[in-house]
Amino acid sequence: MGFLDRFKKKDQEKEALWTKCPSCKSILYVPELKENLNVCPKCNYHFPMGSMERVKSILTDYSVLFENILPTDPLKFKDNKPYKERLSQAQKETNLTEAIVVARGKLKDIEIILCAMDFNFIGGSMGSVVGERFYRACMLSAEQKIPLFAVITSGGARMQEGILSLMQMAKTSIGVGFLKERRVPYITLLTNPTMGGVSASFAFLGDIIMAEPGALIGFAGPRVIEQTIKQQLPEGFQTAEFLLEKGMIDMIVHRKDIKDTVYKLLKIATYRKGCHAV
């Protein structure tokens, strides 16, 4: 490695130790930011959080499920880059196999199944594998009467899989239906952003729908809607705060309070051993 290469590497390592908050513009020390669950200590801006970070922050004694279900390229999709290459790149960059991780573990003293999505994996888009893993999580929860908690972030359906991706909206909704039939608690947490086909399916089917502060939540983006209806949208349109005011979600929860809040809700829902009431 030459002198210039070593200099560039050291410079990149220094940059990785610091980041700027997009909200208050404060310069933040990355290790301290991570200790604070990726929340800005100055203004409480919630930075994106990876799916495995979510799992580790919520569960103990967990095991990851359904990792044998892997994405393929059924349509042989080619754009600027072949879909297979996009998948390979996303897997390498995120160290994940897909945009959703399903884990079973303990939330304090309650056993739950957690589905955590990751926006870094092709925008958290829902393809056939995301839909199948979520559906299987629902089936397992329903069969064993274990509460299901979903942490959701997504840009919507994955266009590289065409109609196979859109079909997952129905499949995931059917999965939630099994939970409701068995009266098994299902709680969702909508994070920034939650859009498209995911918001139009399992994201808004929770018994309790929570959101992180400032999360963008909706179907189409604000600019697309404005261009379609030829009207200016209200300030804060599609933010978690706007949706709470309009009765579209149940509560906004700071990231540091998520674990305790879900625990309290599940204690209420499972007030008697062997009985799930929602």
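Which domains does the domain assignment of the protein give? Two entries: domain 1 covers 18–45, and domain 2 covers 48–270. Before going on, note that this is a predicted model.

I'll take the interface of these domains, then the sheet.

The C-alpha centres of domain 1 and domain 2 are 24 Å apart. On the domain 1 side, five residues make contact with seven residues of domain 2. Together the two domains bury about 540 Å² between them, and carbon and sulfur atoms account for 53% of that area. Of the area that domain 1 buries against domain 2, 72% comes from L37, N38 and V39, more than from any other three residues.

Now the polar side of the interface. The rule finds one salt bridge across the interface of domain 1 and domain 2. The side chains of K34 and E53 form a salt bridge, at 3.7 Å from N to O. Polar contact is found for four residue pairs across the interface of domain 1 and domain 2. Sorted by class, the face of domain 1 that touches domain 2 holds two nonpolar residues, two polar ones and one charged.

Next, the sheet. Seven strands make up an open sheet with mixed pairing, and the order is β3-β4-β5-β6-β7-β8-β9.

For β9, pairing with strand β8, residues 208–211, is parallel and runs over two bridges. Opposite I252 in β9 stands A211.

That covers the interface and the sheet.

How values were computed. Residues are numbered from 1 along each chain as its sequence is written. This is a predicted model: local features need pLDDT of at least 70, side-chain atom pairs count only at pLDDT 80 or more; totals for chains, interfaces and linings use all residues. Side-chain values use heavy atoms; hydrogens and water are left out. Domain bounds come from an automatic or database domain assignment. Contact means heavy atoms within 4.5 Å. Buried area is the accessible area (1.4 Å probe) that two parts lose on being put together, summed over both. A salt bridge is a side-chain nitrogen of Lys or Arg within 4 Å of a carboxyl oxygen of Asp or Glu. A polar contact is a pair of N or O atoms within 3.5 Å; within protein, one must be able to donate a hydrogen and the other to accept it, and residues adjacent in sequence count only if both atoms are side-chain atoms. Ala, Val, Leu, Ile, Met, Phe, Trp, Tyr, Cys and Pro count as nonpolar, Asp, Glu, Lys and Arg as charged, and the others, Gly among them, as polar. Two strands pair if DSSP finds at least two bridges between them. Helices (H or I, at least four residues) and strands (E, at least two) are DSSP runs, numbered from the N terminus.
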